[in-house]
Amino acid sequence: MSHQLMTKRQLRALARLTFGNTTSRIYLGLVLAATVFVTVDTLFVAHEDASFAGVWVFFLAAPTIFVFLVGSSVAGADTGGPAWFVYLALIVSVLVQACALGWFARLVRRGGRSHSAHPQGA
């Protein structure tokens with residue numbers, strides 16, 4: 001089997017885990033709803049003080065977002081790094097967690113069954 005074909009299969013499997021199951025879709029829908037809320041709150045609502053609406057997106061991206069933010073601090077960036085890095089870290093964190101949720105949902109659905117063609121003892 002060619003390397004290119006294997007890579008395509010792996011990417012398809014990763015995409016199915018990230019976007020192709022109900023658990024991941026619900027999570028991504030929650031993130032999208034929170035992002036729309038933050039965008040509307042930021043652009044169209046006047047505040048006397050700072051708004052903490054953006055915290056909800058960070059709550060949904062936790063704990064993986066904190067790995068990126070701590071990593072950028074260790075690398076020498078100021079508190080979280082530039083804005084583009086924080087947005088990229090949020091996107092990657094959400095996708096990593098959606099994939100992890102998809103993998104966990106598949107694991108639970110399978111109920112501990114293995115992919116083996118021959119059951120143990122046979």
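View 1. Most residues other than glycine have a negative phi, and most peptide bonds are trans. This is a predicted model, in which local features need pLDDT of at least 70 and side-chain atom pairs count only at pLDDT 80 or more, while totals for chains, interfaces and linings use all residues. Residues are numbered from 1 along each chain as its sequence is written, and side-chain values use heavy atoms, with hydrogens and water left out.

**View 2. The whole chain and its confidence.** The protein contains five helices and zero strands (strands being DSSP runs of E, at least two residues), and along the sequence these follow the pattern α-α-α-α-α. The mean pLDDT (the predictor's confidence in each residue, from 0 to 100) is 83, and 84% of the residues reach 70 or more. Confidence is highest in helix α2 (residues 22–44), at 92, and lowest in α4, at a mean of 81.

**View 3. A cis peptide bond between two helices.** The peptide bond that leads from Ala62 to Pro63 is cis, with omega near 5°. Pro63 lies in the loop between α3 (55–61) and α4 (64–74).

View 4. Helix α5 (residues 83–110) has 28 residues and reaches 41 Å from its first C-alpha to its last, close to the 40 Å expected at 1.5 Å a residue, where the expected span is 1.5 Å times one less than the number of residues. Its buried residues (under 20% relative accessible area, with a 1.4 Å probe and protein chains only) include Val86, Leu90, Cys99 and Gly102. The buried residues of α5 pack against α1 (3–19), α2, α3 and α4.

**View 5. Where α2 meets α5.** The axes of α2 and α5 (lines fitted to C-alpha atoms over the stretch in contact, with angles from 0 to 180 degrees between N-to-C directions) come within 8 Å and cross at roughly 155°. The two helices are therefore roughly antiparallel to each other (an angle over 145 degrees). The contact (heavy atoms within 4.5 Å) is made by Thr23, Ser24, Tyr27, Leu28 and Val31 of α2 and by Val94, Gln97, Ala98, Leu101, Gly102 and Ala105 of α5.

How values were computed. Helices (H or I, at least four residues) and strands (E, at least two) are DSSP runs, numbered from the N terminus. Buried means under 20% relative accessible area, exposed over 50%, partly exposed in between (1.4 Å probe, protein chains only). Angles under 35 degrees count as roughly parallel, over 145 as roughly antiparallel, 65 to 115 as roughly perpendicular and the rest as oblique.
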